Amino acid sequence: MGGSTRREEICPQLLDLIPKNREWLMRRDNNSSTSKDERSSHGSSSDEKKLELRLGLGPPGENWPLKNDSGREIGGDEDQKSLLSLGYRNQTPWPSSGKFQGKTTSFLHLPVAAKEASQPCCPQVQKNAEKKAFSPATNTAVPNSSSQKRTAPAPVVGWPPIRSFRKNLASSSSSKPATTESQNDKIPRDKPVETSGKGLFVKINMDGVPIGRKVDLKAYDSYQKLSSAVDELFRGLLAAQRDSSAGGIQIKQEEEKAITGLLDGSGEYTLVYEDNEGDRMLVGDVPWQMFVSTVKRLRVLKSSELSALSLVSGKQDRMALDSSLK
Amino acid sequence: MSEDDDRSPPSDAAATGITASGSGGSTSVELFPAPYPDQVLENVLENVLCFLTSRRDRSAASLVCKSWYRAEALTRSELFIGNCYAVSPRRTTARFTRVRSVSIKGKPRFADFNLMPHNWGAHFAPWVVAMAKAYPWLEKIYLKRMSVTDEDLVLIAESFPNFKELVLVCCDGFGTTGLAVVANKCRQLRVLDLIESEVMDEDVDWIACFPGSHTCLESLIFDCVDCLVNFEALERLVVRSPSLKKLRLNRYVSIGQLYRLMIRAPQLTHLGTGSFSTSDGMIQGEQEADYASAFAACKSLTCLSGFRETLPELLPAIYPVCANLTSLNFSYANINAEQLKPVICHCHKLQTFWALDSICDEGLQAVAATCKELRELRVFPVDAREDIEGPVSEVGLQAISEGCRKLQSILYFCQRMTNAVVIAMSKNCPDLVVFRLCIMGRHRPDHLTGQPMDEGFGAIVMNCKKLTRLAVSGLLTDRAFSYIGQYGKLVRTLSVAFAGDSDNGLKYMLEGCPKLQKLEIRDSPFGDVALHSGLHHYYNMRFLWMSSCKLTHQGCREVARALPRLVVEVMTRNEVDEEDIVDDEIEILYMYRSLEGPRDDVPKIVQIL
């Protein structure tokens with residue numbers, strides 16, 4: 001373990017997290033044969049939902065400096081819970097995209113990676129995260145020899161051998177209200193909430209920010225919450241953009257401006273979305289549930305550019321557009 | 001798709017050593033042969049060899065003598081490379097100069113389940129660069145588990161004027177930008193199939209990039225592309241693609257949009273329905289009748305898939321085509337037995353059926369009752385956890401074995417199983433070629449008798465004489481492997497997980513299965529001694545994968561020393577440049593024969609011994 005001591009100096013949390021990792025796997029394990037109370041796992045799901053919001057990180061292509069923002073968002077003991085949400089979502093440390101990509105998506109969802117990003121060892125973090133990637137598998141090597149006769153211990157990487165896009169199937173059909181009912185019939189033993197507890201991630205892009213993100217709409221129940229989440233997601237990125245476009249000679253810490261007025265057109269930016277027929281709509285016109293069931297992606301546009309686009313907005317066609325063009 | 005391995009890599013070296021009568025004793029293929037007396041004979045040979053299509057036959061022909069080797073190399077137009085690292089692009093393009101179609105496979109299958117680092121390799125780039133120069137008339141590229149970049153796709157589009165078919169299966173690393181370039185520049189493109197690949201959404205409207213006039217498109221499969229497509233552009237594309245026979249849409253296409261496409265393309269034979277749901281998840285009355293008529297109009301439809309977000313109320317729309325279907329893929333349709341029955345009862349000709357276990361044992365019984373022609377069945381879990389009750393069990397499998405006697409291939413995920421039913425299947429379905437049973441709970445015994453699942457799998461290898469692919473699961477002792485070694489004489493692909501007691505398990509497999517080519521093992525107690533027992537066989541295999549077993553650096557190093565043409569890749573948990581991990585257990589062993597020796601694109605975490 002000598003090499004790890006070198007790592008230890010730079011990234012101490014790495015080692016700390018390994019035992020914790022095992023712990024959370026055991027704790028989160030509602031798969032174990034023991035009398036794990038289903039309710040206890042259910043009760044923690046709301047925490048996990050919250051954290052899925054926090055971990056609603058972007059698609060591939062993010063570069064490391066940006067992760068400082070996500071690193072900051074996840075602080076202190078939330079890391080403990082954030083590990084839970086990972087386990088809950090996927091049973092593996094990898095994101096739902098499953099595959100290891102050339103980009104760094106997989107690392108974004110590792111709280112280890114997020115924490116390490118806030119330290120200066122950026123180029124090495126990738127490898128650490130890679131190594132981290134294998135540690136859950138090692139956890140199983142230990143129980144393996146003695147568990148021949150026992151039933152399954154903690155969840156394991158890559159088992160059962162299902163490709164990632166075949167997972168989370170319950171959630172894709174439960175995002176439509178009509179099917180949720182029939183789901184209850186099909187799987188009586190499962191709590192219906194559990195199947196819909198898996199996230200509904202949609203991409204969100206912002207004008208002027210080349211890197212898109214993803215948000216989990218299941219984590220919110222109102223437009224207001226979504227709006228503040230968008231603000232949190234992009235505030236730092238926007239500042240970083242202004243920073244870099246200024247040539248970087250300016251002060252490093254650009255003051256971050258809050259992004260407000262996304263829904264009523266009063267702010268510099270406005271939130272719009274594309275539904276599954278490809279139409280662009282203003283966010284906020286239809287009831288929240290209907291919005292969640294039809295939205296396919298989100299965009300944060302400059303309010304000044306709204307008139308240039310053909311928008312479809314529920315009832316208040318003209319009025320909505322006019323108000324957004326203040 | 002045949003998993004044949006033509007065994008040419010190591011014998012390639014041997015072939016170059018064989019000198020033929022009459023020609024100069026050169027051992028390098030690169031030298032130009034001077035004109036010699038039996039030139040006529042060689043021309044005749046070339047013309048005859050053109051008719052040889054099977055890889056194995058061609059390989060055998062190339063070993064006869066030098067002139068046959070040359071003639072075969074000149075006449076081989078379809079290239080199959082089972083492991084992209086077994087041979088280099090340079091060597092390949094030097095030997096085979098008139099290739100029109102290339103198939104390359106990269107990562108091992110366990111990479112699909114997150115068991116490999118993301119940057120492990122299998123890059124397409126060196127291949128496309130070499131082929132761009134060597135094969136200007138290349139028409140077809142088929143890639144599986146390769147890393148393909150947008151730049152690679154651009155190079156394809158720019159280098160091959162006659163390019164016709166691109167099929168990417170389980171690939172990643174590229175996005176909609178690359179697709180757009182291919183769509184736009186490959187004017188002869190007939191097939192663009194993206195299957196289970198990860199495609200990055202680079203916000204490019206690639207559908208709109210197809211040429212504005214008539215296209216030659218025959219197959220467009222993009223159900224795995226997880227981004228919105230421009231529907232109007234797609235509709236226009238379908239209209240101007242009169243040869244289109246296969247269309248598989250992604251989940252962003254609603255049933256209303258599907259309808260519009262279907263009425264424009266009634267000639268379709270393969271259809272992926274997209275979401276099979278309305279845009280807001282609600283039904284509006286009269287439209288159901290319309291959908292059914294659209295399906296009815298597709299008289300040639302034999303292969304149906306999609307159903308990504310199925311609204312079960314809409315299923316009656318497909319009734320008109322059920323009677324003609326030979327393939328139905330419901331593996332994304334979270335429907336129950338009651339919703340399945342009215343569909344499946346019409347599907348008398350069905351040969352391939354994929355479904356979710358939400359259909360339960362009852363649904364499988366319905367399948368068994370109707371689908372007497374069934375050849376392939378796959379049952380995937382809705383909920384892939386280990387400890388739950390599980391909606392399918394041995395009951396469903398029993399029904400299938402009794403009803404579908406012609407079954408050749410099965411992949412079955414379940415939570416519990418019994419030996420008796422597996423034995424019954426081995427007797428009822430003697431034509432089984434592929435038997436993959438995944439009891440999701442690790443080390444689960446027969447849930448009725450408490451016995452290991454040895455006898456069940458033993459019966460499979462014993463009674464299914466055509467078996468070439470086997471995946472085992474559940475509680476298994478070394479006995480199961482002794483059965484496999486004893487009876488599995490045709491087995492080529494073997495998947496083992498959480499099984500076996502000791503080194504003997506692996507020994508039985510390596511010593512007993514002469515045709516074994518792909519062996520993937522995880523989390524089983526096999527160590528260095530067992531690894532050594534296979535030294536006689538590893539050159540005949542495409543690869544061996546062992547992860548979370550009991551192997552050490554030392555053991556693997558000895559294998560590497562004993563077999564110089566084997567590339568032995570290991571990955572450990574710890575830092576690679578660590579001094580005292582010499583005898584540490586390794587996490588992953590992936591080894592394969594190769595003509596090239598260690599590759600130069602190894603990520604740091606991988607060590608080649």
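Buried means under 20% relative accessible area, exposed over 50%, and partly exposed in between, using a 1.4 Å probe and protein chains only. This is a predicted model, in which local features need pLDDT of at least 70, side-chain atom pairs count only at pLDDT 80 or more, and totals for chains, interfaces and linings use all residues. Residues are numbered from 1 along each chain as its sequence is written, chains are lettered from A and ligands numbered from 1 in the order in which they are written, and side-chain values use heavy atoms, leaving out hydrogens and water.

**View 1. B:Ser103 in its strand.** Let us start with B:Ser103, which is buried, with a relative accessible area of 15%. Its place is in strand E2 (residues 101-105) of chain B; helices (H or I, at least four residues) and strands (E, at least two) are DSSP runs, numbered from the N terminus. Leaving aside residues up to four places away in sequence, B:Ser103 touches B:Leu79, B:Phe80, B:Ile81 and B:Tyr142, where contact means heavy atoms within 4.5 Å.

**View 2. Chain B and its annotated span.** Chain B holds 21 helices and 23 strands, and buried residues make up 63% of its 609 residues. For residues 38-77 of chain B, an unreviewed UniProt entry lists "domain: COI1 F-box"; UniProt positions follow the numbering used here, feature names are shortened, and annotations may be inferred rather than shown by experiment. The span is 72% helix and 0% strand, and its end C-alpha atoms lie 24 Å apart.

**View 3. Helix H8 of chain B and its cover.** Seven of the ten residues of helix H8 (residues 176-185) of chain B are buried, so this helix is largely enclosed by the rest of the structure. Those buried residues are B:Thr176, B:Gly178, B:Leu179, B:Ala180, B:Val181, B:Val182 and B:Ala183. Their cover includes helix H7 (150-159), strand E4 (165-169), strand E5 (174-175), strand E6 (191-195) and strand E7 (199-200) of chain B.

**View 4. Helices H13 and H14 of chain B.** The axes of helix H13 (residues 337-344) of chain B and helix H14 (residues 360-370) of chain B come within 9 Å and cross at roughly 10°. Axes are lines fitted to C-alpha atoms, for helices over the stretch in contact, and angles run from 0 to 180 degrees between N-to-C directions. This makes H13(B) roughly parallel to H14(B); angles under 35 degrees count as roughly parallel, over 145 as roughly antiparallel, 65 to 115 as roughly perpendicular and the rest as oblique. On the H13(B) side, the contact is made by B:Ala337, B:Glu338, B:Leu340, B:Lys341 and B:Ile344, and on the H14(B) side by B:Glu362, B:Gly363, B:Ala366, B:Val367 and B:Thr370.

**View 5. Helices H17 and H18 of chain B.** Here helix H17 (residues 454-463) of chain B and helix H18 (residues 478-487) of chain B pack at an angle of about 5°, with their axes 8 Å apart. H17(B) and H18(B) are therefore roughly parallel to each other. B:Asp454, B:Glu455, B:Gly458, B:Val461 and B:Met462 in H17(B) meet B:Arg479, B:Ala480, B:Tyr483, B:Ile484 and B:Tyr487 in H18(B).

**View 6. Backbone details.** In chain A, a cis peptide bond joins A:Trp159 and A:Pro160, with omega about -5°. B:Cys170, a residue other than glycine, has a positive phi near 55°; B:Cys170 lies in the loop between E4 and E5 of chain B and counts as buried at 4% relative accessibility.
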